[in-house]
Amino acid sequence: MNTVLSRANSLFAFSLSVMAALTFGCFITTAFKDRRVPVDIHVSKVMLKNVDDFTGPRERSDLGFITFDLSADILLTNICYLFTFLNNTILRLFFLIPGLLNQSQLIYFQINVVLWDKIVLRGENTKLNLRDMKSKYFFFDDGNGLRANKNITLSLSWNVVPNAGILPLVVGHGHVSLPFPEKYETAKSY
Amino acid sequence: MLSIFKSIPTHMDYKGQKLAEQIFQGIILVSAIGFIYGLIVEQFGWTVYIVLAGFAVSCVLTLPPWPMYRKNPLNWQPTVPETSGEPSQKPQENIKKKKHK
């Protein structure tokens, strides 16, 4: 403590310790919150095509198109954000479609496909009310597992990027299961 | 020029050092109350800003050796006049002999 450097050293160290304790407090206040909210998903149109797979020398693969409505209020309250200038206040939404593809009698594949996503920053409107949305990403199946599949489930889940602590993956209440059609759409070009 | 720089006192005495440490610890701990404000407005960034402000204030208050930290100088013993030089010279001679050997 005699020289300026030694005083600066102890001052930095003490400030850093206090800051670490406060960050831990921020983690404690946000880590155990239940962020699940009800989600209302309505599928208005399902279309199935059988197209040439452009990723390899395969045969024709299934490609699904889903048009959906979505309404949910993603609660952002009571979330302490750290370092908003780092622009890490991202809330990502995406659909998970576990498609149970019955390849044989015994083996089931559960596949999660991201159909659509959105980033909601802090301060933006968290009430999602989307009509006639088309999926952002192609819903391909390597094969013909989508046709007449009775168990395709749409759900909405999202990450809340915290200031400190773990990155929770929240799955909203409410999902919709729909059967896929048994016939392909015969449009040649898409 | 050098004499001017040397005439500027840069040290803190012992009580001044203790006072400086207590001051910056107190300021930063008080600024940690900003956590409550950050909790109310639900933005941890405000907590960080408040603690950084406390850090800056305590830097200004305690890093430079202000005169308030030099109010308790050490009371040195008065200089002993070198009249009785024999007891002090003998150890020096011994040291010199050891060095020569």
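Which elements cover the buried residues of α3(B)?

Modeller: This is a predicted model, in which local features need pLDDT of at least 70 and side-chain atom pairs count only at pLDDT 80 or more, while totals for chains, interfaces and linings use all residues. Residues are numbered from 1 along each chain as its sequence is written, with chains lettered from A and ligands numbered from 1 in the order in which they are written.

The cover of the buried residues of α3(B) includes α1 (4-31) of chain A, together with α2 (14-31) and α4 (44-62) of chain B. Helices here are DSSP runs of H or I, at least four residues long, numbered from the N terminus. Helix α3 of chain B spans residues 34-41, and its buried residues are Gly34(B), Phe35(B) and Gly38(B). Viewed down the axis of α3(B), these fall within an arc of 105 degrees, so they line one face of the helix; the arc is that of the directions from the helix axis to the C-beta atoms. Ile36(B) and Ile40(B), on the other side of α3(B), are exposed. A residue counts as buried with 20 or more other C-beta atoms within 10 Å of its own, exposed with 12 or fewer, and partly exposed in between, the C-beta atoms being placed from the backbone. Just after α3(B), Glu42(B) adopts a positive phi of about 60 degrees.

In chain A, helix α1 contains Thr30(A), which is buried, with 23 other C-beta atoms within 10 Å.

How values were computed: Helices (H or I, at least four residues) and strands (E, at least two) are DSSP runs, numbered from the N terminus. Two residues are in contact if their C-beta atoms, placed from the backbone, lie within 7 Å.
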